[in-house]
Amino acid sequence: MRILVTGGAGYIGSHTVLALLNSGYEVVVLDNFSNGSWEALLRVEGLTGKRITLVEGDIGDRGCLDHLFAENAIDSVLHFAGLKAVGDSMADPLTYYVNNLAGTLTLCQAMSCADVHELVFSSSATIYGDGHPMPLHEGLPSGRPASPYGRSKLMVEEVLRDLAGSDNRWRIALLRYFNPVGAHPSGEIGEDPQGAPNNLVPFIAQVAVGRRDELVVYGNDYSTPDGTGVRDYIHVMDLAEGHLRAMVALSERPGVSVWNLGTGRGHSVLEVIAAFERAAKRRIPYRIEARRPGDIAAYWADSAKAQAELGWWARRSLDEMMADTWHWQQGNPCGYQRKLGIATG
Ligand code: WQD
């Protein structure tokens, strides 16, 4: 089977491409390299011994998509391509709606014309909004996400529901991620944010490797056990494996299926710091500052539905997440430095 992975050169995309190749799938990657890395794909080819068909382009480019589908018999699409920086989306909402929403509309139009109706969408737990009791389960009504990023994810979910409701050929999985962290245990691929990381774990990793002086902990006055924010961190390899399970399940599940991809456990910022210090065997200097606007105290997943329906659950512990993060960062202090081309299909 041949799978199209949009955004396959990105953090979660590249780890999922690796899992697909190791499971015997052929992979076509479409990426505009606005945030992804050529080097990541080169290393995935090295790790798997398999070739990737790469198309450099944008999901909003209909001509590029039509050519890709004409040249490659695609069976299923895993759709990661999109912008995901919450703060940037506040400053530039239009860019987020054009990329995340309009881009997905163009992708779906091209898929429909090519008679490809199987789609796994990279959604987010941010669509729940806040105010719900924990843990968050798929039956909850969506809230009002706190950012244009989150709202773009919710809008895409609504579009995909309407699409599936209009044509029973569509088989769509909405995967609601909690907090993806970690790296492939080889240390060859991992998270390589552009500029200063917005997210906790890559920032800690850059402090540990000497790229940043200290971590700022945003608030220790939340109603949580130690006062710092609590999140459901999930290893990126568990996340990747969840995508493969969802993709396989779609062959028997017409319409729209929704699954949380989380561990079902929450950890505080201080617990994450402590776990990272155990992994890296070094202290992480930090200082406490005021809460970050838009943050909520705590959220974590009810992960029972994916376990019951997909036979999938997150297996890797917080310590493993931090150990794999450190292995990647220690070996790649500046992320993917080289930007090499690879054979394009
Ligand atoms: C986690 C905790 C912060 C940075 C992210 C993405 C969002 C979604 C889920 C995909 C919070 C604290 C952080 C720092 C800190 N991903 N923190 N110092 O905010 O849950 O959301 O993951 O859909 O798109 O943004 O993750 O890692 O930014 O924050 O104290 O330097 O760490 O306050 O409590 P968040 P995060």
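This is a predicted model: local features need pLDDT of at least 70, side-chain atom pairs count only at pLDDT 80 or more; totals for chains, interfaces and linings use all residues.
**Exercise 1. Two residues of another loop**

Task: Asp115 and His117 make a polar contact. Work out which loop holds Asp115 and whether His117 is buried or exposed.

Solution. 
- Step 1: Place the residues. Asp115 is in the loop between α5 and β5. His117 lies in the loop between α5 and β5 (118-124).
- Step 2: Take Asp115. Its relative accessible area is 53%. The cut-off for exposed is over 50%, so Asp115 is exposed.
- Step 3: Take His117. Its relative accessible area is 8%. Buried means under 20%, so His117 is buried.
- Step 4: Look at what His117 touches. Leaving out residues up to four places away in sequence, the contacts of His117 are Ser112, Asp167, Arg169, Trp170 and Arg171.
- Step 5: Link the pair. The side chains of His117 and Asp115 make a polar contact of 3.4 Å.
- Step 6: Asp115 has a positive phi of about 60°, although it is not a glycine.

**Exercise 2. A cis peptide bond**

Task: What is the form of the peptide bond from Met134 to Pro135? Where is Pro135 found?

Solution. 
- Step 1: Read omega. For the bond from Met134 to Pro135, omega is near -5°.
- Step 2: Name the form. This peptide bond is cis.
- Step 3: Pro135 is in the loop between β5 and α6 (148-166).

**Exercise 3. The two sides of helix α3**

Task: List the buried residues of α3. Then explain why they line one face of the helix.

Solution. 
- Step 1: Pick out the buried residues. In α3 (residues 62-71) they are Cys64, Leu65, Leu68 and Phe69.
- Step 2: Look down the axis. The buried residues of α3 fall within an arc of 125°, so they line one face of the helix.
- Step 3: Turn to the face away from the buried side. This face of α3 carries the exposed residues His67, Ala70 and Glu71.
- Step 4: Find the cover. The buried residues of α3 are covered by elements including β1 (2-6), β2 (26-31), β3 (53-56), β4 (76-79) and α5 (93-113).
- Step 5: Inspect the start of α3. There, a side-chain oxygen of Asp61 comes within 3.1 Å of the backbone nitrogen of Gly63.

**Exercise 4. The ligand and its shell**

Task: How many residues surround the ligand? Which strand gives the largest share of the shell?

Solution. 
- Step 1: Count the shell. The ligand is surrounded by 20 residues. The closest are Ser124, Tyr149, Val216, Arg231 and Asp295.
- Step 2: Sort by class. Eleven residues of the shell are nonpolar, five are polar and four are charged.
- Step 3: Find the main contributor. Strand β8 (residues 215-218) supplies the largest share, four residues.
- Step 4: Trace the polar atoms. A ligand nitrogen lies 2.8 Å from a backbone N or O atom of Val216. A ligand oxygen is 3.0 Å from a polar backbone atom of Tyr218. At Asn199, a side-chain N or O atom is 3.0 Å from an oxygen atom of the ligand.
- Step 5: Judge the burial. Alone, the ligand exposes 690 Å², and the protein buries 92% of that.

Methods
Residues are numbered from 1 along each chain as its sequence is written. Side-chain values use heavy atoms; hydrogens and water are left out. A residue is near a molecule or strand if one of its heavy atoms lies within 4 Å of it. A polar contact is a pair of N or O atoms within 3.5 Å; within protein, one must be able to donate a hydrogen and the other to accept it, and residues adjacent in sequence count only if both atoms are side-chain atoms. Accessible areas come from the Shrake-Rupley method with a 1.4 Å probe; for residues, only the protein chains shown count as cover. Ala, Val, Leu, Ile, Met, Phe, Trp, Tyr, Cys and Pro count as nonpolar, Asp, Glu, Lys and Arg as charged, and the others, Gly among them, as polar. Buried means under 20% relative accessible area, exposed over 50%, partly exposed in between (1.4 Å probe, protein chains only). The arc is that of the directions from the helix axis to the C-beta atoms. Contact means heavy atoms within 4.5 Å.
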